[in-house]
Amino acid sequence: MTLPVHTAEATPTHPKPGTTPARAHLLNADTVEQYRRAVAAGTDRVARRVAEANGPFTGVRPDELAPQVEAIDLDRPLGDTTAALDELEDVYLRDAVWFHHPRYLAHLNCPVVIPALLGEAVLSAVNSSMDTWDQSAGGTLIERRLIEWTADRIGLGPAADGVFTSGGTQSNLHALLLAREEALAAATPADRRILLPQLRIIASAAGHFSVQKAAKLLGLAPDAVVVVETGPDRRMRPGAVRHEIARCRRAGLTVMAVVATAGTTDFGTIDPLDDIAEVCATSGVWLHVDAAYGCGLLVSPTRRHLLDGIERADSVTVDYHKSFFQPVSSSALVVRDRRTLRHATWHADYLNPARMVAQRIPNQVDKSLQTTRRFDALKLWLTLRVMGPDAVGELFDEVCDRAAQAWELVAADPRFEVLTRSQLSTVVFRWRPTGPGRDLADAANLRAREALAASGLAVVAGTRVDGRQYLKFTVLNPATTTEDVAYVLDLIAEHAGRHVHEHAGASTADLTCPVG
Ligand SMILES: Cc1ncc(COP(=O)(O)O)c(C=O)c1O
């Protein structure tokens, strides 16, 4: 039977007689026209702001914006989409931080691709929940195909599986939960109490703090994360990993996992994955690779080799919302051996009774830490179906190229010192005064970052390295040009120089131009 096609014009624009005002807000067959109009109106507001943004931020301060948000009486609705959008302009859209702007150079936030935004609009309206087949149907199959595709790109082999998560923090937690349970697989409940405080995770000093957080959440000892210092290249040294495993074992401790990073947050460096995998294989230790940032290389036409060795991991974190140009949230945990996912399984009679496993009903909740879960996979699906993986990889290659050019620019500029060259797309650097302002360098760099954000002309990140204050560009926008970078460097030098001038009493010009 062919269903009649309802055009926008043919669809009733007013609620059916008898529909209560509250019900008129529910999306159903009677309200599709209001739905179309409301979403189109919202899209239009965003489109206008995106088109008009002449900087990544307005520089608004919390104390300026907070009173406006506070003043809104949430118990007195406006009752009208246009009025609510007008209000939203004031409390959010006008002062939003725009990641699509080429001078947004701060954190690991990417501009987003349009097919993914289409996916976002579809997934929230259909509102599938990915916990069970009976709440998602094709959504489950789509997510499974994407996990399979990602595992294939990594090279994890035929027994691989995984699940979408809310982000890298959750993916890392999930991986370490599986590693913990594998390490304790043979333990009795009494043994577990003794063994739990003896578990150790070996991680890099340049790794992400979510590893420490996960250790805490997993009930491990406060000193459970053994931090291995990196070499000057900011990569974990396989010899140091081997040394720490041996040291832990001599002390009667159990190393439950080594966490290698494919794309460190600050330096964009990739640990020597193959060599670390070899250490883990010979020691029988679970290898988790945090590729939250570096996963973009999985589709890179020119740089895939930088991930060589990742195929030997037991588990891998991938954040599509960092380097696949996907809107937050979109991440996955992928494992080599699907059987390990059972450690997150719980059967509830009302939801996913054990008999469903025998019936081969695919319930993703069986392997997820979450129950109700967004169909984030749809965004990646539409991205791959519209653009294809090569186009995503080209975008990621472009930002890596752009960051390399930015590094050259900073390195050639005597006003700045720059640290390790990134294998991905960050640049860690600092403005360096000479003469009497030298002692003020940390404060000047900090101040430059704040002043820049307050001006709204650019947003950069800051970090501390070896006890000193640095600035950081994270380049994730192919539209960022070297001219943008040069302009931002001039602004930083100006703000930092002014700070030193005001606090050291010397002339700005003297302080921004190093001698020689
Ligand atoms: C290397 C790495 N791992 C994990 C995370 C955490 O990811 P998320 O912010 O998606 O939780 C980050 C975030 O920046 C990261 O850089």
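A cavity is a set of grid points where a 1.4 Å probe fits but cannot get out, and its lining residues have an atom within 4 Å of a point. In this predicted model, the largest cavity is lined by Ala403, Ala404, Trp407, Arg421, Ser422, Leu424 and Thr426. Its volume is about 40 Å³. How many cavities reach 30 Å³ or more? The count is one.

Helix α14 gives the most to this lining, with three residues. By class, the lining of the largest cavity holds four nonpolar, two polar and one charged residues.

## Helix α14

Helix α14 covers residues 389–411. Does its length fit the expected span, or what is the distance between its end C-alpha atoms? They are 33 Å apart. That agrees with expectation, because 23 residues at 1.5 Å a residue should also span 33 Å.

## Nonpolar cores

In soluble globular proteins, nonpolar side chains tend to be buried together. Here the largest nonpolar core has 89 residues. Val258, Val289, Phe473 and Ile492 have the most contacts inside it. The largest share of this core, nine residues, comes from α14.

Phe473 shows how such contacts reach along the chain. Beyond its sequence neighbours within four places, Phe473 is in contact with residues including Leu105, Val410, Val427, Phe429 and Val460. Val485, Val488, Leu489 and Ile492 are among its contacts as well. Another core, of 26 residues, lies apart from the largest one. Among its members are Leu176, Ala179, Val225 and Ala344.

## The second largest pocket

The second largest pocket holds about 740 Å³ of space. It is lined by 25 residues, and those closest to its centre are Arg144, Asp161, Arg338, Leu341 and Lys367. Which element gives the largest share? Helix α5 does, with seven residues.

The lining of this pocket divides into 10 nonpolar, four polar and 11 charged residues.

## Ala461 in strand β11

Ala461 lies in strand β11, residues 459–465. Is Ala461 buried or exposed? Its relative accessibility is 1%, so Ala461 counts as buried. The cut-off for buried is under 20%.

Leaving out residues up to four places away in sequence, Ala461 touches Leu105, Ala106, His107, Arg449, Tyr470, Leu471 and Lys472. Glu450 is 11 residues from Ala461 along the chain, and their C-alpha atoms are separated by 9.5 Å.

## Backbone exceptions

Most residues other than glycine have a negative phi, and most peptide bonds are trans.

The peptide bond from Val328 to Ser329 is cis, with omega near 0°. Ser329 sits in the loop between α11 and β8. Asn127 has a positive phi, near 65°, and lies in the loop between α4 and α5. Arg360 also has a positive phi, near 60°, in the loop between α12 and α13. Are Asn127 and Arg360 buried or exposed? Asn127 counts as exposed because its relative accessibility is 58%. Arg360, at 75%, counts as exposed too.

Note on methods:
Residues numbered from 1 in each chain as written. Predicted model: local features only at pLDDT ≥ 70, side-chain atom pairs only at ≥ 80, totals over all residues. Heavy atoms only, no water. Helix = DSSP H or I, 4+ residues; strand = E, 2+ residues; numbered from the N terminus. Expected span 1.5 Å × (residues − 1). 1 Å grid on protein atoms, 1.4 Å probe; cavity = no way out; pocket = protein on both sides within 12 Å on 5 of 7 lines; lining within 4 Å. Points joined across faces, edges and corners; volume = space filled by probe spheres on them. Nonpolar A, V, L, I, M, F, W, Y, C, P; charged D, E, K, R; others polar. Core = buried A, V, L, I, M, F, W, Y, C linked by side-chain atoms within 4.5 Å. Buried < 20%, exposed > 50% of the residue type's maximum accessible area, 1.4 Å probe, protein only. Contact = heavy atoms within 4.5 Å.
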